[in-house]
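Please open the structure in a viewer and keep the sequence beside it.

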Amino acid sequence: MKTSLNIILLVLLSTCVLAESMGDGFVVADGVTYYCKTVRTGLLNTKIVTNDGHIVKVPNNSVQAYRMNGHQFELLPLVDRGGDTIDYAFMEFIALNNDSRLYRYCSNCRKYDPLNGEIAPLNPVYRYYVLSNGRLKLLTN
C-alpha cells in the first residue's frame with residue numbers, strides 16, 4: 001500500500017514539474033523577438049505572455065513570425081501558379097536544404113481557398129512552397 005501511494009505521489013509531482021517547464025515559443029513583431037510561454041491573438045492585438053511573466057501587447061499587423069508547440073510560422077506572400085502575389089499568409093516552416101526553404105500552407109483551414117476563390121471542402125488541403133533565391137514558388141507536383 002505504501003509503495004503504490006509513493007508511486008502515485010511521484011507521478012503527480014513529475015507532471016507538475018513538466019507543466020512548469022519553459023516554452024520554446026517566440027514571436028517576432030516589429031523586428032523584436034519575444035520569447036514566450038503563451039500567445040493569444042485577438043481581433044486587433046496579439047497578447048504575449050513572456051517567460052518572465054510579463055504581458056506584452058502588439059498589433060496583429062506587426063507580427064512577422066512565431067513558433068508555438070514546435071511549429072514555426074512566417075508571414076510570406078501567397079502566390080498562385082502564375083507567380084502573382086494574392087495576399088500574405090502565415091506559412092509553416094518545414095525544412096531547410098542548402099539555400100532553399102520548404103513551407104506548408106493550409107489552403108482551406110479557414111473554409112475558404114484564396115487560390116481557387118471558392119469555399120473549400122472540410123478536409124484540409126495543404127500546398128507547399130519553396131523559397132529559393134528570394135523567390136517563392138508553388139510546388140505543383
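This is a predicted model: local features need pLDDT of at least 70, side-chain atom pairs count only at pLDDT 80 or more; totals for chains, interfaces and linings use all residues.

Residues are numbered from 1 along each chain as its sequence is written, and side-chain values use heavy atoms, with hydrogens and water left out.

Next, display the surface. The protein exposes about 10,100 Å², of which carbon and sulfur atoms supply 55%; accessible areas come from the Shrake-Rupley method with a 1.4 Å probe, and for residues only the protein chains shown count as cover. Of the 141 residues, 26% count as buried. Buried means under 20% relative accessible area, exposed means over 50%, and partly exposed lies in between (1.4 Å probe, protein chains only).

**First selection: the largest core**

Select L76, L78, V79, A89, M91, Y103, Y105, Y129, L136 and L138, the 10 residues of the largest nonpolar core. Such a core is a set of buried Ala, Val, Leu, Ile, Met, Phe, Trp, Tyr and Cys residues joined through side-chain atoms within 4.5 Å. Two or more residues come from each of β6 (71-79), β7 (85-97), β8 (100-106) and β12 (135-138). Strand β6 gives the most, with 3 residues.

Now centre the view on M91. Which residues does M91 touch, not counting those up to four places away in sequence? They are Q72, F73, E74, L76, P77, L78, Y103, R104, Y105, Y129 and L136; contact means heavy atoms within 4.5 Å. A second, separate core of 7 residues can then be selected through C36, I48, V58 and M68, which are among its members.

The structure holds 2 salt bridges, each being a side-chain nitrogen of Lys or Arg within 4 Å of a carboxyl oxygen of Asp or Glu. Select E74 and R101, whose closest N and O atoms are 2.8 Å apart. E74 lies in strand β6 and R101 in strand β8, so this pair ties together parts that are 27 residues apart in sequence. E74 is buried, at 15% relative accessible area, whereas R101 is partly exposed, at 24%.

Move on to R104 and E92, which meet in a salt bridge of 2.9 Å, N to O. Since R104 belongs to strand β8 and E92 to strand β7, the pair ties together parts that are 12 residues apart in sequence. R104 is partly exposed at 23%, and E92 is buried at 10%.

Return to strand β6 and select Q72. The side chains of Q72 and E74 are joined by a polar contact of 3.1 Å (a pair of N or O atoms within 3.5 Å; within protein, one must be able to donate a hydrogen and the other to accept it, and residues adjacent in sequence count only if both atoms are side-chain atoms). Beyond its neighbours within four places in sequence, Q72 is in contact with F26, Y66, R67, M91, E92, F93 and R101.

Key: Helices (H or I, at least four residues) and strands (E, at least two) are DSSP runs, numbered from the N terminus.
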